[in-house]
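I opened the model to look up a few contacts and note where they sit. My entries follow.

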Amino acid sequence: MRAQVCEVCEFIHPILRASRLQVAGAWVHALEDVLVVELEGPAAEVQVTLWTFSGCNGPPRPPVSPSTKEDGKPVTKTTGATSDRLPSQVTAWRHFLRAARGNGWPFQAPHFPVRWFGFSASTVSESGAGVFEDAEAMGSCGGLRGPCARGMWHTQKRSALVLQLSTWPLAAQPEFAAPKPLPQLRASHLVSWADFWARSYIYIPDSDVTMFHWYMSQYLLRCSSWGGSSAPGLFGPFVVDDEVMWSGDMTLNYNAEAVYYNAGAANHLEAFEPYFQAILDFLPAARRLAQELYPSCAESLAFPAHILPAGVQLPGVGRGDLGQKQMGLFAAVPFVLYWHYAGRLAFAERVLPFFLGVARFWECNLAPGDDGFLHDIEDCAEEICLPDGDMQPDPAVVLSLLPGFLEALAQMCDLLGADAQHWRLLARRVAPYPTEVIAGREVIADFYGGETQHGRELRLHSGGSVAWGGLFAAFPLGTLHRRSPQKDLDLVHRSLDRFFEQWPGGKQGNSFPHLWAAAGRVAWQPRRLLQAWEAYLTNTSDPKCRLYGNGMVLGCGNTGLENVGGAAFGSELLLQVAGGVLQVFPSTMEGAFRLRAPGPLLVTAERRQGVVQEIQLELPRESEPAVVRTDWLVQSPWPDFQVLVDGEVVPVQPDGVFHVFVNEGQVHSITAGQRERER
């Protein structure tokens, strides 16, 4: 619903120009789908206009009827069925102004949930509800504006314009409840945001831009994926036109999923829900697509690259996705992340059919090789195929996601009494990453044979190697991390070296949500990494790749909302769980944080003047049955010192790891004890 907020904000501008009036506050309520504009100053006349955009190619064709006024009852105008734009509707009356757009046409209503998305404006003041004088429904306001509702507002010393957002079926009449009193709205708004920000925090005094991006990413996450809203598309709630690149859809080969890369660590699990519902609503279509394209793969699910909420499938699917098979697998990534950060039994029951359908798809499509491993023989590596039949076998992205996905499925099966061992055995047989020797160094390739001359000629977007195989090997579900065997760490480090040689400064558009967190997870050149990250965000290395003041990042390739997932880098600097071992401040940066670890576990810590002061561990309070880890391995941040857990000395292994048993309802305090040689 908040997809309309950007449009609504346009209506504030005439108010700002009103003589001697000041905007005391303009805010979108955190819970109520209400935009409030508060004014203060002497009485004045303010013209209020609500409109819908008609599209970037000019007004609707044919134009709607002329303006209409009628005293005593509302006047409504709707674009005709012969318009080449989505339906628009406006209503003008003394007591409210309304404007709405449809997300489809009446002939589609029997097949899809076609609805109006609109808002209703009313006024309030110290003396009660106000009215709009000379209210009229207009055919067009000029420019790119479609039908408009306009009226004159007579303000008082303290007044407010209240715009309520809602949806309703295309054939129904809108219903807007009377707005709540402003003091009540304001109080509930502040309480909701205070709760949101209290769930997590980070403090990195040496990198203001990292903190800004992290916090603004949480803000954008809430604005775009919260409560009863639909899952956000490529550009989130900031689309105000019918014509937008890629239809502003949910693109499943990383864009839609990357939005949620940091949601778990930031302890904002509610944000996942709109995405989950959109994927689960698509299961009937995914089942039909699998039957059409892979008839021998019984009970499997196949997803296209581009979908919309409510189970709507876009044209150009199947081989129109350049042969990419990993859509369903990538669509499962936020589900896997949520499972690790929540462990809720009801969630496992709800998503098990989805996971089983995707797993059966891959069981059917993987082929045994002479090496005893299962290989993805016929596939396309992340949008870098030409549509001429050339294959890109064993894409690193697929091989990086499959083991973690199958293990998550096995864990759910363990709980629900299904066959878990079958999927664990399948996970162990997934082929290793494809590698090739480039300039005398072995690196992870994007796919098998991807660094040969023929392989590089297959790249549709890059004109050369994308070199991002090493990124997916570490993040978001990759198998490599800072505690991996040294030979594997050396391999992924060389692969990241290769990426930065191919893309100086990390300037490869689609890599932003993956590169920085992946490099942080495997401890690749920490100082150089942070410098490159800050140069990227502060626009000192390339004007096409930058962070804007509203928190959005332009990722060198007109990328959009998915870049909020890049905030995972800030979390990785402060907290990691690698190889089952929890580690605070792995980057050795100064700072403080409260984050959620996969397990799940809430972790609070501070590092000041090079020393970790205290670590606090507590189990999240769960309102429903969940599987939680209570026996934790923790890497000591105090070499040569004793470790105290709740004031008691605990044994520390030679590698600095110690055990903590976490109890429900207790905050466990971990501190440094005496220096070992002083004992």
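I took helices (H or I, at least four residues) and strands (E, at least two) as DSSP runs, numbered from the N terminus.

This is a predicted model, in which local features need pLDDT of at least 70, side-chain atom pairs count only at pLDDT 80 or more, and totals for chains, interfaces and linings use all residues. Residues are numbered from 1 along each chain as its sequence is written, and side-chain values use heavy atoms, with hydrogens and water left out.

Is Arg-596 buried or exposed? Arg-596 counts as buried because its relative accessibility is 5%, while Glu-622, at 24%, counts as partly exposed. The cut-offs are under 20% relative accessible area for buried, over 50% for exposed, and in between for partly exposed (1.4 Å probe, protein chains only).

Next I noted a salt bridge between the side chains of Arg-607 and Glu-590 (3.1 Å, N to O). Arg-607 lies in strand 25 (residues 601–608) and Glu-590 in the loop between strand 23 (581–584) and strand 24 (591–597), so the pair ties together parts 17 residues apart in sequence. Arg-607 is buried at 15% relative accessibility.

I recorded 19 salt bridges in the structure.

Terms used:
A salt bridge is a side-chain nitrogen of Lys or Arg within 4 Å of a carboxyl oxygen of Asp or Glu.
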